[in-house]
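This briefing goes with the structure shown below. Keep the structure in view while reading the points that follow.

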Amino acid sequence: MAHQNKYPRYVGNYELHQKLGAGFSGAIFCARHIHTNQWVALKLQPINESCPTNRYERSFYPALQGGEGMPTLWASGHHGTWDYLAIDLLGSSLDSLHRSKTTDVWDLRSVCCVAQQVIARLQFMHARGLLHRDIQLGNCVLGLPPNNTTIYMIDFGFSKFYIDQHTKRHIPDSKAPRDFIGNYWFSSVRVHCRGSVPSRRDDMEAVALMLVHMLTPGGLSWTRNGVPKTDEAHNRLMYEKRNATPEEICRGLPPVFEEFLRSCRRLQFAERPDYERWIEEFATLAEDNGFPSSPDFIWPPPNPEPTVRVQTAPLRKDSGELEGVLNGLANMQLGERQVLGVRDNLVNRDTNAAPKDGKKGGKPPKPSPPKSKEVINLISDDEGSRDENARAAPAAGRLTKAARLAQIAREVAAATDNVALARLVRDFARTMEENRSRMLTKEGFAVLDALHKQLADPSVFAGPIRTARPRASGASEASQGGDGGARETRQGKMNKLWRLGQDVRRAAGNEQLAALVVEFGAVINGSSGRTVTKDGFGFLAGLAGRLDALA
Ligand SMILES: Nc1ncnc2c1ncn2[C@@H]1O[C@H](COP(=O)(O)OP(=O)(O)OP(=O)(O)O)[C@@H](O)[C@H]1O
């Protein structure tokens with residue numbers, strides 16, 4: 001670039017100091033206001049630049065002022081041949097942390113914080129009618145103390161109003177060929193590989209890819225050869241990106257990452273992403289793994305070793321009948337485990353699982369306490385208060401959702417009559433309802449499995465009041481709910497749950513209830529986000545009522 005090394009000493013009222021970074025078409029300096037001594041970041045670009053991103057940014061900044069994690073624009077203008085923007089001086093970008101970290105991947109806690117904050121930034125930007133269109137680690141920057149736990153979004157040079165400023169309507173979709181805007185690593189498949197018009201869903205998909213990248217040793221597969229320098233290399237990259245399924249991309253990670261990516265890809269062009277839900281999901285993921293659910297980003301990570309070692313085993317689409325899956329979950333040996341927040345732990349997952357062929361891969365597992373399905377190594381209040389880094393230890397006497405559900409599953413397995421089961425089903429529903437996330441986790445499925453076993457075993461309870469024909473749409477059929485490839489639509493899920501809610505109130509005996517429990521699990525498992533909705537709670541209330549009636 002012609003202007004290299006020719007930067008002026010003063011620009012406007014600012015004195016330029018060290019260079020902070022250089023981008024595609026300009027440079028950023030740390031600068032001091034000559035009258036107020038205020039330090040800012042000064043973005044400089046020649047006014048005749050062919051891609052005048054400073055000019056674009058200047059037009060977007062007013063819409064962003066006042067938002068959390070949005071830099072303040074202090075001044076902007078022209079000085080000689082320079083176009084400048086003076087914005088809040090910030091700290092390290094996630095990209096520089098990514099490069100400097102000593103571990104292969106990020107810790108799960110930090111990634112959950114990044115997820116919550118970046119989604120919240122997009123929620124704000126989108127609410128102001130603006131798309132970012134260049135989500136990447138380099139554009140997520142930490143504040144300086146006292147704002148150093150806040151992630152700021154920067155670089156709005158590629159941004160665009162998706163709400164037309166005059167008509168107030170969403171921009172139209174178009175099939176017309178267009179130049180690609182964004183970055184090679186994280187731009188959505190639709191925008192990058194299919195040339196679609198970017199909309200909110202694509203910003204969200206970029207976040208999903210960025211998060212998975214942070215947890216993947218070596219990064220996403222298509223990022224490993226660096227920036228493509230030839231058309232052929234770019235085509236190869238696009239091919240790889242286009243063909244990687246969410247399941248492959250997210251293999252070994254807690255299921256919420258795959259769900260998130262899938263849900264972004266399912267959004268319609270003009271559909272509003274469910275920001276609130278995903279912020280909650282990542283807060284819950286942190287909490288379920290023993291970290292504070294707070295989105296505050298703390299670097300370096302205070303306690304990279306999780307205090308809770310609950311393996312979030314994904315229910316895969318090819319997992320066969322739900323009955324079998326539930327059964328498998330209940331029999332899982334939950335001893336000292338690595339959290340599957342990083343893919344490295346995939347190796348350990350196999351190592352820790354009962355080996356089929358006697359061979360073990362990866363590092364030998366740490367000696368762990370005797371394993372029993374009764375022993376689940378969850379955070380306790382004591383552990384929470386011992387942990388100096390646990391900023392949000394559970395209140396005294398309160399168990400985490402995972403611990404409470406595990407306890408309910410054990411109590412269900414030990415229950416001796418329908419009245420006790422009814423009480424436990426109500427407990428289960430209450431625990432799910434009170435939690436910030438209503439996602440049915442491994443522990444939730446274990447409760448259903450224990451329930452199913454109890455209800456299906458005729459030796460445990462008094463027989464049914466009258467013998468009924470087995471349901472036509474029986475459990476085994478329903479249990480394939482998660483296997484059909486496409487996730488259940490919201491409406492489909494509502495319909496099925498509503499029907500189950502009706503059926504459960506009419507069930508003739510425990511065996512029928514057992515089949516309905518399995519069917520319920522299948523519908524939840526097959527739905528996007530595996531959340532228990534209002535109709536789901538209706539089913540559980542009906543189940544508890546029917547158990548009482550059949551006692
Ligand atoms: N406000 C800021 N405070 C501190 N550092 C900053 C600030 N803004 C940007 N930087 C640093 O400068 C780098 C480049 O900034 P930015 O992305 O805004 O410039 P750009 O010219 O648009 O770059 P690119 O071409 O890479 O998109 C950032 O990754 C960051 O390290």
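In which strand is Lys 43 found? Lys 43 is found in strand 4, residues 39-46. Helices (H or I, at least four residues) and strands (E, at least two) are DSSP runs, numbered from the N terminus. This is a predicted model, in which local features need pLDDT of at least 70 and side-chain atom pairs count only at pLDDT 80 or more, while totals for chains, interfaces and linings use all residues. Residues are numbered from 1 along each chain as its sequence is written, and side-chain values use heavy atoms, with hydrogens and water left out.

**The chain as a whole**

- The protein chain has 19 helices and ten strands.
- Of the 551 residues in the protein chain, 54% are buried. Buried means under 20% relative accessible area, exposed means over 50%, and partly exposed is in between (1.4 Å probe, protein chains only).
- Taking the contacts between residues at least 6 apart in sequence, 70% join residues at least 24 apart. Contact means heavy atoms within 4.5 Å.

**Lys 43**

- UniProt, in an unreviewed entry, places the feature "binding site" at Lys 43. UniProt positions are given in the numbering used here, feature names are shortened, and annotations may be inferred rather than shown by experiment.
- Lys 43 counts as buried because its relative accessibility is 15%.
- Leaving aside neighbours within four places in sequence, Lys 43 is in contact with Ala 27, Ile 28, Asn 54, Glu 57, Asp 83, Tyr 84, Leu 85 and Asp 155.

**Helix 3 and helix 9**

- Two packed helices are described by the angle between their axes and the distance between the axes.
- Helix 3 (residues 108-127) packs with helix 9 (residues 275-288) at an angle of about 165°, and their axes are 9 Å apart. Axes are lines fitted to C-alpha atoms, for helices over the stretch in contact, and angles run from 0 to 180 degrees between N-to-C directions.
- Helix 3 and helix 9 are therefore roughly antiparallel to each other. Angles under 35 degrees count as roughly parallel, over 145 as roughly antiparallel, 65 to 115 as roughly perpendicular and the rest as oblique.
- The crossing of helix 3 and helix 9 is left-handed. A crossing is left-handed if the near helix is turned anticlockwise from the far one by less than a right angle, and right-handed if clockwise.
- Residues making this contact include Leu 108, Cys 112, Ala 115 and Ile 119 of helix 3, and Tyr 275, Trp 278, Ile 279 and Phe 282 of helix 9.
- By class, the contact of helix 3 with helix 9 has 13 nonpolar, three polar and one charged residues. Ala, Val, Leu, Ile, Met, Phe, Trp, Tyr, Cys and Pro count as nonpolar, Asp, Glu, Lys and Arg as charged, and the others, Gly among them, as polar.

**Helix 18 and helix 19**

- Helix 18 (residues 510-526) and helix 19 (residues 534-549) pack at an angle of about 165°, with axes 12 Å apart. That makes helix 18 roughly antiparallel to helix 19.
- The crossing of helix 18 and helix 19 is left-handed.
- The contact is made by Asn 510, Leu 513, Leu 516, Val 517 and Phe 520 of helix 18, together with Gly 536, Phe 539, Leu 540, Leu 543, Arg 546 and Leu 547 of helix 19.
- By class, the contact of helix 18 with helix 19 has eight nonpolar, two polar and one charged residues.
- Ala 541 has its place in helix 19 and counts as partly exposed, at 46% relative accessibility.
- Ala 541 and Val 425 are 116 residues apart in sequence and 7.8 Å apart in space, C-alpha to C-alpha.

**Residues in loops**

- Tyr 162 lies in the loop between strand 10 (160-161) and helix 4 (189-194), and counts as buried at 3% relative accessibility.
- Leaving aside neighbours within four places in sequence, the contacts of Tyr 162 include His 126, Leu 130, His 170 and Arg 200.
- A cis peptide bond joins Pro 145 and Pro 146, with omega about 5°. Pro 146 is in the loop between strand 8 (140-142) and strand 9 (151-153).
- Another cis peptide bond joins Trp 299 and Pro 300, with omega about -5°. Pro 300 is found in the loop between helix 9 and helix 10 (322-330).
- Asn 37, in the loop between strand 3 (27-33) and strand 4, has phi near 65°, a positive value in a residue other than glycine. Asn 37 is partly exposed, with a relative accessible area of 45%.
- Arg 133, in the loop between strand 7 (130-131) and strand 8, has phi near 70°, a positive value in a residue other than glycine. Arg 133 counts as buried, at 17% relative accessibility.
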